[in-house]
Amino acid sequence: MQNPSPTPTGEAAPSPSRWARFLDSDLFFAFKTSPVAIASFILSVVMIAAALLAPLLATQDPFNPAVLNLMEGLTPPGVTNEFTNKSFLFGTDPQGRDMYSAVLYGTRVSLLVGAASVVFSAGLGVVLGLMAGYLGGKTEALIMRIADIQLSFPAILIALLVFGVARGIIPPAQQEEATLILLILAIGLSNWAQYARTVRGSTLIEKNKEYVQAARVIGRSPFLIMLKHILPNVMGPVTVIATINLALAIIEEATLSFLGVGMPPTQPSLGTLIRIGQQFLFSGEWWILFFPAITLIILALAINLLGDWLRDALNPRLQ
Amino acid sequence: MTKNNNASGPVLSVSDLSLEFVTRRGVLKALDRVSFDIARGEVLGVVGESGAGKSLTGSAIIGLIEKPGRLSGGEVRLNGERIDNLSPEAMRKIRGRKIGMIFQDPLTSLNPLFRVGDQIAETVMAHMNVSRAEARARALALLTEVGIPAPESRIDAYPHEFSGGMRQRVVISLALAAEPDLIIADEPTTALDVSVQAQIITLLKRLCRERGTSVMLITHDMGVIAETADRVAVMYAGRVAEIGPVADVIRNPQHPYAAGLMGAIPALKKNVGRLAQISGSMPRLNAIPPGCAFRPRCPKAFDRCAAERPDLMQAGKSRAACWLVDQGVPA
Amino acid sequence: MNSGMNAHMNSGSGETLVASRDLRRVFDVSSPWLERVLSGEKKRLLRAVDGVSFEIRKGETFALVGESGSGKSTVAKLVVGLLPPSGGDVTFEGIAKGRQPEAGSVQMIFQDPYASLNPRWRVRDIIAEPMSALNRPADPAARAARVGELLTLVGLSPLDGEKFPHQFSGGQRQRIAIARALSSEPAFIVCDEPTSALDVSVQAQILNLMRDLQEKLGLTYLFISHNLAVVRHMAHRIGVMYLGRLVEVQETEALFENPQHPYTRLLIDAVPDLADIGRDRVPVQGEVPSPINPPSGCTFHPRCPLVTDICKAQAPAFDGRTACHHAGKAFA
């Protein structure tokens, strides 16, 4: 049934604030009534907050060799070290680095790479998708064929390729500093096609709606129509993909780092920590692998569940 | 065939039918004590604006209310027997056999994967005790009757091979297949061009007149009602505002809403100058005012309208839910 | 406000504001290239508008009426420039052939008020968009003041500018769309089925408002509708379209009293009217054929009760009033 009419005009109750409207929205109601959504949201927020506040929460700066004490090396979790009488929640690695602090900083790097690459790929994909959908013709054919080709390869392969090519171009002296940026670009470039496809689809729908035609009659330029009219109306699905992709990007970064082409041990991400840790697994020092790995799993799972829920919650009543 | 057990009574009798939607913002009353009868062979038009509850009334009668909607009171009787409390299984047997249905979009009534002749024959066999050959012969006869050209070849066509008007004819033949007592037609011509609409209305009128089938014709188009219906019920905000013989309601409406509605329709036969207009629009379900639901828009409202809800009262040949009628003042 | 039909009917100064000459629009509806080549299929062209000429006088409402597939909405899009014509042209008073009129002087009101307002924008921004696009007035405060005036003009409150479209009913949204169209002070507004998505009581409000605004502001309307009764109520002159062609153009009263083309007559007869209580009738046979493959000669001939051989062979020329070999002849 269609909605009949709103309150008569003239009385003009002031429009509620954005926040008040959000609290009253169907989306927030769906959130309130979904335990999975609440749990994954809290978990994500806690982990993101912990990563951001790593300098405050960590017991040491794990990358400052000066604070490391070799005597504390390979202390198991919760066990008091016999030389210094200190105990470590997650244990220590061979250099005496506190794994708890390392995991905090590692999560920070992982999230940074993940979030930045998502922003990059979403930005690229949205711009290309908008252009393909709105301009049509050859622009569309070109962009979408590239997207099709790229989607037929696994993202990790694309990322490896981009990363490898970029490494070949950059002089070795700057390679280590540039690694972070390269990783972000490589992961971002491997994921834009999905955004482009979705945004193109939504744009094709929106551009035939009468509000876009009205803007054209007024004489608005295609650029302004895409930016001010269509973009705000295609951001819903983009948010969903971005959330799910954040989890995927974090895993992609971990994979690259695990393979040894990602973050260097001097600036380790969770993936780097896992690569280091797996060397000690069979000699009994399980905690060096275990804590980074479980953190990665929980982080990816929480964000993924949140994204999944968001997709379901937005889907049936998108419009 | 035993058509009914009380030939004298109405085919359909709806009394105090109420329907509500349970939402997280509270319970919304979508139908509020709707009552009307449809006599044998009669065409009752149900007219109203979007959100008035006219389609919901039709769905409620045939038991097609989906969650979160639920019937909250009243009863529906078909040939004197209650059908609103039947099981979904029993209701399914009534739909098609006793009550035929025609919807706005013919494609919702037709299965795109089956030939139209098979769909009609299927319906005939499901409800009547006949062989497959007899059912097919009947399907052919029905298609001929509804004016499908070259029915012998079209009987094996798929729904998408028909034009919009022809498809609606197929749906009519499907609705009539089991010789129901009542047909509920919900906006049957809204999706069609005027020239095709005229064909469909003429067809529906002729068939039901010949067979003595009653029709509940739900539409927003007062012109279609004028041409087709014997009586008309005007609905507003989930209630019946006025019900009566079609000529009386159109020429001499008793309820101010019905009067406003008639004045708002541009006429084809003369230029009326400025159209009468009712200010505002129908209230949302969550904001139906107490007393008479039309009061905030009514030019003749007085104190009692805000305090008490009027029930249908006799006013000439019609019945109107308006306190003005109680006072003997025509709208 | 001076209501009544005489005041309404006398408007229209006689000067031509907009003229369409032999306007044509063809859509390519073939399958994609590769598929077409593989299946050996020919290109399929849909002649949505096939040589339509008319003039709209300053201050009048010129209506185009027709059933689905008549091309009336395509004409609307061609006139406002949303689509380029495949042939012919639209000229505006005092503007050279092929040139568009000054930005903002032509506006459009759309059918679906639920789709014609951007759901993410506040009403004040929606209404101000033509002004900000033209930067006229340049002062944002003056624009804001004008938004308030426009809201009042269309029967809403200036405070409504703060709200979002979903807070309004269909009729109120259409008022907002009208306010947006008026904000660039256009001389000419194309109205594409402006009330067909609305309920009758709301339709009456919008039609009355549009007539009031025409009187007050001297607007010229091109009014597209499938509803003959609405068109009769609104238009000074009416063009009847069938399968992409104009079959008849007449002053409103003349058209209803003395329709020349058999299609016009059948169309008028097909509309159910409040005055026809319980009427039985013989409706027009057949349905509108597909515009992809229209009938030969006069495209109406398969449905026409007056059809003769010449109708099948030769398309009738438009004589200024109608395009029919048997114009005005009585039905058998």
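Across the interface of chain C and chain A of this predicted model, the rule finds 1 salt bridge, defined as a side-chain nitrogen of Lys or Arg within 4 Å of a carboxyl oxygen of Asp or Glu. C:E129 and A:R220 form a salt bridge, with 3.1 Å between the closest N and O atoms.

Elements (DSSP runs numbered from the N terminus: helices, H or I, at least four residues; strands, E, at least two) that give two or more residues to the side of chain C touching chain A are tabulated below.

| Element of chain C | Residues |
|---|---|
| α3(C) | 72–80 |
| β5(C) | 106–109 |
| α4(C) | 123–134 |
| α6(C) | 170–182 |

The largest share of this side, 4 residues, comes from α4(C). The contact (heavy atoms within 4.5 Å) takes 35 residues from chain C and 26 residues from chain A.

Chain B holds an open sheet of 8 strands in the order β6-β7-β8-β3-β9-β10-β12-β11, with mixed pairing; two strands pair if DSSP finds at least two bridges between them. Because β6 (99–102) and β11 (313–315) of chain B stand at the edges, each with a single partner strand, one side of each is left without a neighbour in the sheet. Strands β10 (residues 239–245) and β12 (residues 318–320) of chain B run antiparallel and are joined by 2 bridges. B:E242 has B:A320 in β12(B) as its bridge partner.

Residues are numbered from 1 along each chain as its sequence is written, and chains are lettered from A and ligands numbered from 1 in the order in which they are written. Local features need pLDDT of at least 70, side-chain atom pairs count only at pLDDT 80 or more, and totals for chains, interfaces and linings use all residues, while side-chain values use heavy atoms, with hydrogens and water left out.
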